[in-house]
Amino acid sequence: MIMSLAAIAIVALVTYIWLIRGFFSAFIHLIATIFAGAVAFAAWEPAAHFLLAKGGSGILGSSAWAIALAVPFAASLVLFRAIMDGILRANVVVGRVADYVGGGVCGLGAGIITSGIVVLSLGFMRLDTELWGYKPIEYSPNGSVVRGDKLWVPTDRIVAGLYGHLSQNAFRAPNALAEYYPNLAEVGGSMRLNYGDGKARNTLAPEDFKVLGRFTVGRQAGQLAPLMNDRWNFAAQQASALDGGNFPAASYIEGFVVEFNAGAKEKEGKIVIGAGQIWLVSESETDDESYVSYPVAVSTQAESSTPQLARFRFNSRDVYIANAGGGSTGIFGFEFVVPKGFRPKALYVKNVRHEVDPEAKPAMELPNAAARDGFIAGGGVTNIGGAGKAMELVENPDMQEAGAGRRLRQGEIPQIDGLVIRKNLPITIQKGTEGAIQVDDSNVIQEGTQAWPPDRVGIMVREKALRINELATTADTVIVQLQVHLNKPASLLGRAAAGAEFVVPPLLRDTNGTVYEPIGYLYKDTNKVELRFTPGNPVRALSELPSLSRSRPDQELTLIFRVSRGVDVEYFTLGSKPVLKFDPPIPMF
């Protein structure tokens with residue numbers, strides 16, 4: 001209701017302003033507004049990508065799509081008005097009635113465009129899923145993403161339709177807005193359709209993911225109903241199209257395998273994706289019609305301790321799928337229903353567009369649901385396009401080995417100098433001195449970076465309610481702390497680590513080939529103690545760590561990892577260069 005009133009208020013205000021200024025002035029302003037809107041939509045994607053690269057997961061990044069639309073519109077409008085006012089220095093009087101009627105009509109047009117762009121821009125902000133009573137897109141009871149409310153005066157849909165039409169006619173462009181954004185008025189609401197009712201990340205940078213491959217299911221048969229069953233759930237899935245009705249019976253499934261890296265993680269350290277945050281635009285093979293699909297299912301790793309995959313349905317409201325364990329990356333195979341006679345044109349991940357060559361043959365063409373299920377269970381999704389291939393380690397003659405050097409007895413954990421598996425820090429922070437470190441009600445550290453003088457931490461805090469030294473973890477991960485300072489087996493100052501570039505990340509690697517970036521570190525010297533614990537923003541390069549020197553024996557640096565429970569850690573590496581091998585691999589209990 002509030003958003004509807006706000007949209008009407010903007011229209012009414014702009015209409016009134018230009019109604020009293022006369023037809024000619026209002027007409028000039030309408031022309032300037034139309035062209036400003038065209039400039040805004042033309043600059044929208046490149047400007048947003050620039051801001052996403054600069055802003056990361058901060059306020060600038062999460063508002064990138066809103067700023068990239070609103071600012072070019074406002075700046076262009078001011079510029080066009082200044083140019084026109086400089087050329088046309090006097091008003092034209094066409095009569096009292098004509099001035100009021102013409103001014104009102106032109107003012108109404110300018111008001112609708114202005115209101116629509118304001119509503120669209122606000123929709124791209126990191127705000128609640130329901131934006132002031134307005135929810136243009138929502139989950140149906142069966143978990144499908146469907147269209148929701150409309151504004152009382154749907155200025156956002158009017159503007160989307162207007163510029164979509166212009167993009168194919170008067171303002172025709174190679175990448176027409178109507179072709180790539182047939183659902184423009186719903187995109188902002190879709191991006192906010194995330195877990196926590198809009199509190200999770202609504203944007204990603206283009207480098208935070210990559211599309212590894214594409215597969216189809218039942219394309220030749222073109223009968224949808226049998227494709228909605230799978231071996232993991234015997235009941236047939238009920239799913240709806242975007243308009244809330246049934247999918248065409250003659251449809252098939254387009255699948256896309258997407259790999260998310262650490263830049264896509266939420267602040268809790270997980271990659272979490274809902275059905276509303278990724279969509280597929282398909283084009284008709286015979287005309288200019290477009291079709292928008294949201295995923296009906298996703299296949300990904302089922303448990304942290306094994307790379308085995310399973311298929312998960314989006315079959316109820318607010319279903320969000322997270323990557324299993326603590327791996328630095330997550331691979332997801334999304335399935336979209338596409339009517340027969342359509343072919344994919346573009347895949348969108350939180351509105352970052354990935355072009356699809358409609359003429360390209362998919363990596364796999366699976367005839368039916370059984371073949372699809374076997375493809376998933378056999379690791380086909382994670383191996384498509386070489387996706388699941390573990391990073392090959394380079395030979396390093398200086399690599400150290402640590403461990404028992406023999407087969408472990410059941411339950412035995414080898415004692416490695418400088419490595420511990422525990423969530424408690426070797427320092428204690430007193431409640432009230434945590435600074436930028438965020439803790440929950442149980443004094444468990446959630447995230448943050450803070451430095452203290454050495455005498456402010458490490459002291460005994462007898463009262464439990466004032467004691468902070470535990471790191472947050474999840475049910476399927478464990479905390480591993482690895483010392484990498486001088487004279488430790490994993491030292492970054494040793495011969496095994498010599499020559500490593502500052503851009504490579506320090507990693508733990510398990511026997512499945514999964515790698516884990518540090519989610520923080522603990523640094524100590526005679527002048528300070530610094531803790532960084534940022535599960536949603538892992539350490540991705542040596543340059544992010546405090547520098548160590550052989551001339552500073554007082555320095556201690558401990559890397560903090562969150563590793564999947566149940567796996568066996570085999571290596572500590574710098575990128576693909578092994579520094580330390582654990583023999584035998586260390587089990588993560």
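Reader: Hi! So a cavity is a set of points on a 1 Å grid where a 1.4 Å probe fits but cannot get out. What volume does the second largest cavity have here?

Author: Hi! First, keep in mind that this is a predicted model. The volume of the second largest cavity comes to about 80 Å³.

Reader: Thanks! Which residues lie nearest its centre?

Author: Val119, Leu120, Gly123, Ala185 and Gly189 lie nearest the centre of the second largest cavity, out of 13 residues that line it. Two elements, α5 and α8 (184-191), each give two or more residues to that lining. The most comes from α8, with four residues.

Reader: What's the lining of the second largest cavity like by class?

Author: Eight of its residues are nonpolar, three are polar and two are charged.

Reader: How many cavities of 30 Å³ or more are there in the structure?

Author: There are four of them. The largest cavity holds about 110 Å³ of space.

Reader: And what lines the largest cavity?

Author: Its lining has 15 residues, and those nearest the centre are Val145, Ser240, Phe247, Tyr294 and Val296. Strands β7 (290-293) and β8 are the elements that give two or more residues to this lining. By class, the lining of the largest cavity counts ten nonpolar and five polar residues, with no charged ones.

Reader: Back to α5 for a moment. How do the axes of α5 and α6 cross?

Author: Helix α5 (residues 96-123) and helix α6 (residues 155-167) have axes that cross at roughly 105 degrees and come within 7 Å. The two helices are therefore roughly perpendicular to each other.

Reader: Nice. Which residues make that contact?

Author: On the α5 side they are Ile112, Ile113, Ser115, Gly116, Ile117, Val119 and Leu120. On the α6 side they are Thr155, Asp156, Ile158, Val159, Leu162 and Tyr163. Sorted by class, this contact of α5 with α6 has nine nonpolar residues, three polar and one charged. Val119 and Leu120 make part of this contact, and they also lie nearest the centre of the second largest cavity, along with Gly123, Ala185 and Gly189.

Reader: Good to know! New topic: I see β8 in a sheet. What's the strand order?

Author: The order is β9-β8-β11-β4-β3-β14, an open sheet of six strands with mixed pairing. Strands β9 (306-313) and β14 (364-366) are at the edges, each pairing on one side only. On average, neighbouring strands of this sheet are turned by 25 degrees against each other, direction ignored.

Reader: In what sense do β8 and β11 pair?

Author: Strand β8 (residues 295-303) pairs with strand β11 (residues 330-339) in the antiparallel sense, over four bridges. In one of these strands, β11, Phe334 is the bridge partner of Val298.

Reader: Which helix packs on the sheet?

Author: Helix α9 (residues 369-377) does, touching β3 (209-217), β4 (251-260), β8, β9, β11 and β14. The direction of α9 makes about 145 degrees with that of β9.

Note on methods:
Residues are numbered from 1 along each chain as its sequence is written. This is a predicted model: local features need pLDDT of at least 70, side-chain atom pairs count only at pLDDT 80 or more; totals for chains, interfaces and linings use all residues. Side-chain values use heavy atoms; hydrogens and water are left out. Axes are lines fitted to C-alpha atoms, for helices over the stretch in contact, and angles run from 0 to 180 degrees between N-to-C directions. Angles under 35 degrees count as roughly parallel, over 145 as roughly antiparallel, 65 to 115 as roughly perpendicular and the rest as oblique. Contact means heavy atoms within 4.5 Å. Ala, Val, Leu, Ile, Met, Phe, Trp, Tyr, Cys and Pro count as nonpolar, Asp, Glu, Lys and Arg as charged, and the others, Gly among them, as polar. Two strands pair if DSSP finds at least two bridges between them. On a 1 Å grid over the protein atoms alone, a cavity is a set of points where a 1.4 Å probe fits but cannot get out, and a pocket is an open set with protein on both sides within 12 Å along at least five of seven lines; lining residues have an atom within 4 Å of a point. Grid points are joined across faces, edges and corners, and a volume is the space filled by probe spheres set on the points.
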